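Work through the exercises below with the sequence and the structure at hand. Each task is followed by a solution in steps.

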Amino acid sequence: MAKWTILAEGCKGCGLCVEACPKKILCLDSGTINHKGHTPARMMDESRCTGCGFCATMCPDCVITISR
Amino acid sequence: MIVATRPHALTTAPTHYCPGCTHGIIHRLVAEAIDALGIEGRTIGIAPVGCSVLAYNYFNLDMTVAAHGRAPAVATGLKRANPESIVFAYQGDGDLASIGMAEAVHAAARNENITVIFVNNAIYGMTGGQMAPTSLPGQVTQTSPAGRDELLCGFPVKVCEMLAQLDGPEYIARVAANSVKNVLSAKKAIEKAFRNQVEGRGFSLVEVLSSCPTNWGMTPGDALGWMDSTMIPYYPLGVYKDRSAKEAD
């Protein structure tokens, strides 16, 4: 199983990870606003994450860390 | 096992780039290449004038900034004075393809042993979205509100095609940062461009097609789609020159 973590303070909410995720288990968390005023990405169902790394590949801000 | 994380050659400073700007992806690819080759301690980067003018804040490297467009000239001096250093210029299209065209062409013609990362987003980003030499025919920008008219403004400059005509350069390739597949190919090309320099092969330039969601007036996702539908057909991806591949044949 993959462990998915995000540095939410560094996320700019661009959503490129959300579009890249083949399992469609990422979303922008509209209930959270970070210090820069962005809505950071959030993992909805980590049990389905395969750790493919597509989200981190497309992340312009290098805030996603994945281990498995 | 860690699958993906921030490379060591990048600092932890948050970038000033707009949300969804692929500069961040390209910075990461450069840092990953430097990590992979183990050259962090002897690499010197040159930031351009443009959005990436503050790149020195984001790389864990010795960095300097050149006057607009002059990064290949500064890189030439740094490399010739310190042949053991690995020197790369990181330039945008307004920097390399307009005011800095002469420096780029002559550094390539001299086959200087440097690496150039050329980020082409078809617009002047930092100054607010004016038409660049690389803006596509018909592209709407602040200074071409009715779309770029080739009869009035000329045609876009295809840097890779042009430099590949020279006898000098070792490696010229165009990649894009708009999809997982393309980013992975871009990673390979950038790593090769640095490896060429480590092996003393000569001038390597990788043009990375990039997005500018803010000045294109699109969402980050739509901007990547526009690259696929409009930009890549005009600027075809591929290796335009690779002398080491020719030698291997």
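**Exercise 1: an aromatic pair**

B:F88 has 0% relative accessibility, so B:F88 counts as buried (under 20% relative accessible area, against over 50% for exposed and partly exposed in between; 1.4 Å probe, protein chains only). The model is predicted: local features need pLDDT of at least 70 and side-chain atom pairs pLDDT 80 or more, while totals for chains, interfaces and linings use all residues. Side-chain values use heavy atoms, without hydrogens and water, residues are numbered from 1 along each chain as its sequence is written, and chains are lettered from A in the order in which they are written.

Task: classify the ring pair of B:F88 and B:F194.

Solution.
1. Rings of Phe, Tyr and Trp (its six-membered ring) pair if their centres lie within 6.5 Å; planes under 30 degrees apart are stacked, over 60 edge-to-face, the rest tilted.
2. The centres of B:F88 and B:F194 are 5.4 Å apart and the planes are at 65°, so the pair is edge-to-face.
3. B:F194 also counts as buried, because its relative accessibility is 0%.
4. Ring pairs join B:F59, B:F88 and B:F194 into a cluster.

**Exercise 2: charges over rings**

Task: state which ring lies under B:K158 and which under B:K192.

Solution.
1. The criterion is NZ of Lys or CZ of Arg within 6 Å of the ring centre and within 35 degrees of the ring normal.
2. B:K158 lies over the face of B:Y234, 4.4 Å from the ring centre.
3. The charged end of B:K192 sits over the ring of B:Y171, at 5.4 Å from its centre.
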